Amino acid sequence: MTVSVRMNPLLENELELAAKRQGVSKSQFIVDAVERALGRKDPYQLLQQVREEFAGLRTAAVPMHESGVSKAASPSTSERLRSKLKSQHDADTRDWLQYQAAKASPGARKSAP
């Protein structure tokens with residue numbers, strides 16, 4: 001069945017953006033909203049169903065090391081990641097220090113004509 005709805009263009013724009021964020025069409029977004037308004041779709045009940053279905057999977061998940069890195073990840077992977085993050089941090093720090101030095105130097109300021 002087809003239903004036409006007139007709405008403010010700003011509201012329609014909001015509708016389009018919200019539907020895009022959820023990855024659904026405008027029609028599906030509206031249908032979901034109507035189902036929730038009529039009590040046919042209870043988000044809390046859906047959350048409970050998902051939790052029940054996936055409760056067993058939580059215990060089967062890969063355990064995490066106390067550092068927050070999965071034990072399944074090889075030491076070389078975590079070491080490479082740490083090294084990459086450290087080098088990026090060092091480069092950012094160097095850039096910041098160079099910027100501060102250039103800003104503080106007398107030649108950096110131009111005198112007004």
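Author: Asp 32 is buried, because its relative accessible area is 11%, where buried means under 20%, exposed over 50% and partly exposed in between, with a 1.4 Å probe and protein chains only. The model is predicted, so that local features need pLDDT of at least 70 and side-chain atom pairs count only at pLDDT 80 or more, while totals for chains, interfaces and linings use all residues. Residues are numbered from 1 along each chain as its sequence is written, and side-chain values use heavy atoms, with hydrogens and water left out.

Asp 32 belongs to helix α2, residues 26-37 (helices are DSSP runs of H or I with at least four residues, numbered from the N terminus). Its side chain makes a polar contact with the side chain of Gln 28 at 2.8 Å; such a contact is a pair of N or O atoms within 3.5 Å, and within protein one must be able to donate a hydrogen and the other to accept it, with residues adjacent in sequence counting only if both atoms are side-chain atoms.

Helix α2 also packs with helix α1, residues 9-22, at an angle of about 90 degrees and with the axes 9 Å apart, the axes being lines fitted to C-alpha atoms over the stretch in contact and the angles running from 0 to 180 degrees between N-to-C directions. The two helices α1 and α2 are therefore roughly perpendicular, a term for angles of 65 to 115 degrees, whereas under 35 counts as roughly parallel, over 145 as roughly antiparallel and the rest as oblique. On the α2 side, the contact (heavy atoms within 4.5 Å) is made by Lys 26, Phe 29 and Ile 30, and the α1 residues include Glu 12 and Leu 15.
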